[in-house]
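This report describes selected features of one protein structure. Please look at the sequence and the model before reading on.

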Amino acid sequence: MAANTSANVDVIIDTGDREIPECPHGPTLLFVRYERGSSSSKFFACSAFRDRKECSFFQWESEKPLEEKKKIRQDINSKQQLKFSHQEAHNRFSKFKDLCSSNRQFCQTCGLFLLPGELEGHKDHRIKSPITEEMMERPTRLFSPLDNNKTFAQYLFSASAVDFTIRTLEDLSFTHIICVGAPRIFEAIELKKDSTVKGLLLDLDHRYQQIYPPDKFCRYNMFNHHFFDGHTSEEVFKQFMSEEEGKRIAMVMDPPFGGMVEALAATYNKISQQWRTLSGKTNTTDLPILWFFPYFMEKRIKECLPNTQMLDYKVDYDNHMLFRGDVKKQGSPVRIFTNLSPESVVLPSSEGYWFCKVCSRYSAKENLHCDVCDCCPSKDGRTYKHCFKCDRCVKPSKQHCDTCKICQLQDHRCGKPLSNGCHICGALDHKRRNCPKQGTNSAKRGAPEYGTSNKWKRKRTK
Ligand SMILES: C[S@@+](CC[C@H](N)C(=O)[O-])C[C@H]1O[C@@H](n2cnc3c(N)ncnc32)[C@H](O)[C@@H]1O
Ligand SMILES: [Zn+2]
Ligand SMILES: [Zn+2]
Ligand SMILES: [Zn+2]
Ligand SMILES: [Zn+2]
Ligand SMILES: [Zn+2]
Ligand SMILES: [Zn+2]
Ligand SMILES: [Zn+2]
């Protein structure tokens, strides 16, 4: 029988004492792909780039590469280094700033600030000039967002989302914000010259190396906690993460939404552990985090980080039709997952949020408290209603079907299973993570949202 190839790949976080091969983007991740009816196959692949055209690394888990192959790989890894080191890129930018605005040219195609005489090499590229001081202070506006690119998925917060985030952190007396994949938050912190809040940006996008010096920006891969500038960057990170008198650190993280929750949670756990060690915290304290992700990933995030809760705040973005509150009737599907007490995060009443005394947290305007469920149950921006037969609140689009004995969409076909069943054995009553046929491997697994996972269907090469 043909296997269901959608989302049938899991990442294995606990790799034991295996040797982990590296690609130009740091240590690779170990994946397992399930084919119904046949045994699973495990392989190492790039953690950041899913498109093989962008990173061609692939290795079966069982493969033992010869020294020759390892050497070729090392050559590939070193050839893929950036043209300029961080310091060189930043020195170039200092020279660029010294030019007068009408002589400043920025190549949007390459994301490069051009020095005198370099325009020649950028024929047919999109060149922006003049470049003002203000433009250089707001690189997230100047740089073309890499939003059509699955890897970078650069969806930028609206001004209201940035203001809300920073105000919340300031109100809670945080002084140091580590911004992982959140350049707009970092930029806003940098622009607040009178504020006591400081930021450190960790992002894969090398264009920021020009604007921000090595003590403000680390080129970083959030899927494997890899610092591209090695020791130098890691020292900057450690310095930032050590809390002392008067210093309170929080982390914000806005990953590409296709990203693997398990790998991201593992990264958070590593960062939190480092913060505990460097700041002398007890093992039971967690680094405060605001993780931006769609509401429908709630279950997966909570499985990985049980101390987090989802806030009702709808996070607006500038450049994503589906995440823009003014375009989508139900508002953006992106929420904030946090280990801060939801009671302490005040959501703006000007946008209709209200404080539910029973739940001790702020709820969205449409999210009405249900006395039977004893919670404010809405998740997707609509008002859920209670079904006494199902004994829970359900989406308003569903109605109770006495044949299926569950609430269903009106045009459903009675008896049709809701899912294609377990990817491993096909049973309908469980998912592959709970499959009894999965074996007793202690590895933690989770299904990454790859959309179509066909890109993982790599052909076995001899
Ligand atoms: C969804 S956008 C978030 C931007 C954020 N909303 C803002 O306005 O600041 C994802 C961000 O993560 C970065 N990114 C993508 N893949 C990454 C990776 N593997 N490691 C670190 N950063 C990555 C992108 O460059 C981008 O800045
Ligand atoms: Zn790679
Ligand atoms: Zn160019
Ligand atoms: Zn409530
Ligand atoms: Zn209810
Ligand atoms: Zn029902
Ligand atoms: Zn039915
Ligand atoms: Zn099963």
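## Strands, a zinc site and a helix

Strands β4 (residues 29-35) and β5 (residues 38-45) run antiparallel to each other and are joined by 6 bridges. The model is a predicted one. Within this pairing, Leu30 has Phe44 in β5 as its bridge partner. In general, strands of a sheet pair through backbone hydrogen bonds, in either a parallel or an antiparallel way.

Both strands belong to an open sheet of 4 strands, ordered β1-β4-β5-β6, with antiparallel pairing. At the edges are β1 (9-12) and β6 (58-60), each of which pairs on one side only. From one strand to the next, the twist averages 35 degrees.

The model also holds a zinc ion (ligand 2), whose protein donors lie 2.1 to 2.4 Å from it.

| Donor residue | Donor atom |
|---|---|
| Cys23 | SG |
| His25 | ND1 |
| Cys46 | SG |
| Cys55 | SG |

Along the chain, the donors of the zinc ion (ligand 2) are spaced as C-x1-H-x20-C-x8-C. Cys23 and His25 are both buried.

Why is the arrangement around the zinc ion (ligand 2) tetrahedral? The 4 donor atoms subtend angles of 104 to 113 degrees, and therefore the arrangement is tetrahedral. The ideal angle for four tetrahedral donors is 109.5 degrees.

Helix α6 (residues 183-191) is mostly covered, with 7 of its 9 residues buried. The buried residues of α6 are Pro183, Arg184, Ile185, Phe186, Glu187, Ala188 and Ile189.

Notes: Residues are numbered from 1 along each chain as its sequence is written. Chains are lettered from A and ligands numbered from 1 in the order in which they are written. This is a predicted model: local features need pLDDT of at least 70, side-chain atom pairs count only at pLDDT 80 or more; totals for chains, interfaces and linings use all residues. Side-chain values use heavy atoms; hydrogens and water are left out. Donors are N, O and S atoms within 2.8 Å of the metal (3.2 Å for Na, K and Ca); water is not among the atoms, so sites may look incomplete. Four donors count as tetrahedral if all angles lie between 85 and 135 degrees; four count as square planar and six as octahedral if opposite donors are over 155 degrees apart and all others between 65 and 115; anything else is irregular. Buried means under 20% relative accessible area, exposed over 50%, partly exposed in between (1.4 Å probe, protein chains only). Two strands pair if DSSP finds at least two bridges between them. Helices (H or I, at least four residues) and strands (E, at least two) are DSSP runs, numbered from the N terminus. Axes are lines fitted to C-alpha atoms, for helices over the stretch in contact, and angles run from 0 to 180 degrees between N-to-C directions.
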